Amino acid sequence: MTHAHASTADLMRPPFPAEPGAGVYSNKLGMWVFLASDVMFFTALIGTYIILRFSTDLPWAQPGAVLNVPLTAFNTFLLICSSVSMVKAYAAIADGDRERLKFWVLMTILGGATFVGIQVYEYVKLVGHGFTPNGYREGSELATLAAAEPLKYGLQTAGIYGSTFFTMTGFHGFHVTCGVVCMTWVYFKALRGGYSQQDYRGVEVIGLYWHFVDLVWIILFTIVYLI
Amino acid sequence: METTARKHPNYVAIWVYLAVLTAIEVGVAFISHFPKPVLMLILVGLAIWKALLVALYFMHLKFERWRLRTVFIVPLPLAVILVLAAITEKLW
Amino acid sequence: MTSVAAVHTHDAPMSFWRKYVFSTDHKIIGIQFLFVSLFFLLVGGLLAMQIRWQLGFPGQPMPGGGILPETMASEGILLPEYYVQLVSMHGTFMVFFAIMPLLVGVYANFLIPLKLGAHDMAFPRINMASFWTAFLAGLIMLASLFVPEGAIRSGWTNYVPLAARPDYSGVTWGQILWCISIVVLGLSSVLGSLNYITTVINHRAPGMTWFRMPLSVWALFITAILGVLALPVLQGAAIMLLFDQTLGTHFFDPLEGGQALLWQHLFWFFGHPEVYILILPAMGMVSDMIANGSRKPIFGYHSMVFAIIAIGFLGWIVWGHHMFMSGMNPTLGSSFMISTLVIAVPSAIKTFNWMGTMWRGNLRFHVPMLNAVAFVAMFVIGGLSGVFMAATPVDMFIHDTYFIVAHIHYVLFGGSLFALFGAITFWYPKMFGRMMNQRWGKIHFWLTFVFYNLTFFPMHNLGMAGHMRRIYDPTQYEFLRPLQPLNEFISISAFALFAVQLIFAANFLLSLWKGEKAPQNPWEDNGLEWSLPSPAPHGNWERVPTVYRGPYEFSAPGTPGGRDYLPQYERLPTDREPAAALAPALGD
């Protein structure tokens, strides 16, 4: 690490003594290790999608044919916004401003909850159209469309398309839900006067998780919705 | 410490950056007429760019020591190894 | 317990439940893991005995088989569909609920804070959650034996499409419970492992530099890294298998665009690091015990550390050697063969270092040392048969035969389990404050060693003769009938082997009450844990000790008092204080 970096780096670290070893306090190190393990979990799910999709020579559904891309693009934007509000909450408590912390955490909770809400709405719509984890439901609107234009709708690969789509986005949504629950806990702790400029470990650690979930969605949005 | 306000990166600028990149992604995917492999390369590149922004600024990896960055970097090659090995089945 | 009260006057008295059941003390959690996983070891052993009865005496009613319900045995004769459940669940219990928690759950929990000079784990409550989720997973797996249609029938590896389609395997609930149990167990392992990693990195005592850590802690640290990265892949795969069963997804269904081979890739991408999760901690603890029993510093400490790291890394790029016969890309197969053979190098470094440690040592053959030496010998046999199988052409011949059964039992029983018998005896005084009986320990060791080899060595011959791995009745084939006397011999040896383990169980349980009171440092060892009273109190140290040297200073010249050991925490006049006292005091 260079000296030029050190000043910024010290400013970015909470003002309580770091523990030996990693140079960061244990909660944060533990969260990073957990995130590393979560990378492997998503590797199993996203990797399966990549392997199944790019090992087959059969046509895959074109982007936008089945999924509602504009709505999801908005949802992506929403999740990015909630990531910004989370980092604003972190900056607020690092400056010792608990009121702004509460405001920004609340914004983040709202953003995350809306994201999950929109995703549930999208699922309901998709299943209504006939897109299910086992492919296009027989007799549904999508099945008729796909029979007419098998290339556009990837008729032959619909089964694994549905399987991978619902599993990946479903487990991402589960992660977002867990994040919202944890953040609600952070919010109530802040309401009761928790966290200070001297100790804001909880905010930073849950923030790391939240940004990671955002990061996964950025990847998922591109490779599932746009490619 | 003398001042209570500490130096933070400009998070709003990163936010605008991410929003613009997302708009470009959707635009490239639906309006442009690149051949499919080029399009995929561009889209994946943009996604990695966005993910890096989140990791470096929001997750503060830019300001951490290498020993902490390593924790997050270690699983990435393993993920690549798994996917690449399994996908070579197609070549056979 | 007066010494405990004297050391820890500030500890409020805790209720029985908080102290022994919902405890956050890493030592109690380790002991909880010990009892639970010994129970599952017994379950796995009982399943193995039934397998051996069927193979040795096919078609004959099993003694006591009458108590089994009609779905498992008819008039004491095991049914084929029950036999495949036995095979599958024996593997599942032994790998996931016996050996893995015995090594990682028990000894990572118990040893890491004690050997590093920490008051507890970095996250004591997450540690408690790790135990209780593992317990829940074990109960779910146990329950799957008793649901309609019984447990899984597709082997512990659960190859698809057999496992993914109830109409192929005839199992619905058993398969669902298996998947759920594995997901819960994965969560437990991740929670445990992130705790171990954080503790090793951040909670070392002053002076405990990386290269003063005992090899057991090094091995457990690398194991935790493997666990935290490998288990989530299995969780993901198990979730997809569960969805294939219940939601009708098509991940592993080739008819609908899925890939059957994908399951094997995911499973073994987890599975091979898992193999090292099952052997690395054993190697680490054996290193500690061999140095102690030889009264010499471990030979080539740094090369031992780098060998552990190398094995941990190579473990990620060899998984395809389980799949040579799966029809995967042969180019890929060749690269997996080469990377697998490379693993022999760090393994051989470790083996020669153990022998170098013993060479001209002042050997003390106490029970842990005997078991540790047996570990080395058996690991060499198991490791060499592993080299045979790493070569693709040889593997094609012996794949899915009893040769592979012999190999896995040489590394897991001859390796891990012998190391565990040693480790249990070695750290028993620090856990319970009493010694296990040495004479019965030695009797148990020798009988186990003999019957173990009589049981598993002939399996190599069976495999070379073509005896299939999961066959229900070997006498149905003409070419296997001449082998039946050998099968009977193996079965009788296996029953004897099981019976001998009762000596260990009795020694373990009786010593809890009747064992000789343990002194503070019964084995005259150097680790920090021996600076504590036996059993170690909650919170371990009032003030953590300072570390002045590495863990293997045996027979060092100039040791005061004519001793042949020099503990890590003992300050000699020539020792300098470490640069900074880094560790926080208790309660921080």
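In the predicted model, N540(C) is found in the segment after α16 of chain C. N540(C) adopts a positive phi of about 65° although it is not a glycine. Because 24 C-beta neighbours lie inside 10 Å, N540(C) counts as buried. A positive phi of about 50° is also assigned to E75(C), again not a glycine. E75(C) belongs to the loop between β1 (73-74) and β2 (77-78) of chain C, and, with 10 C-beta neighbours inside 10 Å, this residue counts as exposed. Most residues other than glycine have a negative phi, and most peptide bonds are trans.

Cis peptide bonds were also identified in chain C. One joins S534(C) and P535(C), with omega about -10°; P535(C) is placed in the segment after α16. Another runs from V160(C) to P161(C), with omega near 0°, and P161(C) is situated in the loop between α5 (124-143) and α6 (166-169).

Y569(C) is located in the segment after α16 (484-514) and, having 19 C-beta neighbours inside 10 Å, counts as partly exposed. When residues up to four places away in sequence are left aside, Y569(C) touches L528(C), S531(C), P545(C), T546(C) and V547(C). Between Y569(C) and W440(C) the separation is 129 residues in sequence and 33 Å in space, C-alpha to C-alpha. F211(C) lies in the loop connecting α7 (173-202) and α8 (215-246). F211(C) is exposed because 10 other C-beta atoms lie within 10 Å, and a residue with 12 or fewer falls in that class. F211(C) and Y301(C) are 90 residues apart in sequence, yet their C-alpha atoms are 8.5 Å apart in space.

Helix packing in chain C was considered next. Two packed helices are described by the angle between their axes and the distance between the axes. The axes of helix α4 (residues 80-116) and helix α14 (residues 402-432) of chain C come within 11 Å and cross at roughly 30°, and the crossing of α4(C) with α14(C) is left-handed. From α4(C), the contact involves I99(C), L102(C), L103(C), Y107(C) and F110(C), which meet L412(C), S416(C), L420(C), A423(C), W427(C) and M431(C) of α14(C). By class, the residues of this contact comprise ten nonpolar, one polar and no charged. Helix α12 (residues 367-390) of chain C is mostly covered, with 18 of its 24 residues buried. At 1.5 Å a residue, α12(C) should span 34 Å, and its end C-alpha atoms are 34 Å apart, which agrees.

Chain A comprises eight helices and two strands, arranged from the N terminus as α-α-α-α-β-β-α-α-α-α. The C-alpha trace of chain A spans about 65 × 35 × 25 Å along its principal axes. Of the 227 residues in chain A, 50% are buried. Among contacts in chain A between residues at least 6 apart in sequence, 75% join residues at least 24 apart.

Within chain A, helix α3 (residues 69-94) packs against helix α8 (residues 201-226) at an angle of about 160°, with axes 10 Å apart. α3(A) and α8(A) are therefore roughly antiparallel to each other, and their crossing is left-handed. Residues contributed by α3(A) include V69(A), L79(A), M86(A) and Y90(A), while those from α8(A) include W210(A), H211(A), W217(A) and F221(A). The residues of this contact divide into 13 nonpolar, five polar and two charged. For helix α7 (residues 158-191) of chain A, 34 residues at 1.5 Å a residue should span 50 Å, and the end C-alpha atoms are 48 Å apart, which agrees. α7(A) is followed by G193(A), with a positive phi near 90°.

In chain B, 42 residues are in contact with 44 residues of chain A. Between chains C and B, eleven residues of chain C are in contact with ten residues of chain B. Helix α9 (residues 260-294) gives the most to the chain C side, with four residues. The chain C side divides into eight nonpolar, three polar and no charged residues.

Conventions
Residues numbered from 1 in each chain as written. Chains lettered and ligands numbered in written order. Predicted model: local features only at pLDDT ≥ 70, side-chain atom pairs only at ≥ 80, totals over all residues. Contact = placed C-beta atoms within 7 Å. Axes fitted to C-alpha atoms, helices over the stretch in contact; angles between N-to-C directions. Left-handed = near helix turned anticlockwise from the far one by under 90°. Nonpolar A, V, L, I, M, F, W, Y, C, P; charged D, E, K, R; others polar. Expected span 1.5 Å × (residues − 1). Buried ≥ 20, exposed ≤ 12 C-beta atoms within 10 Å, placed from the backbone. Parallel < 35°, antiparallel > 145°, perpendicular 65-115°, else oblique.
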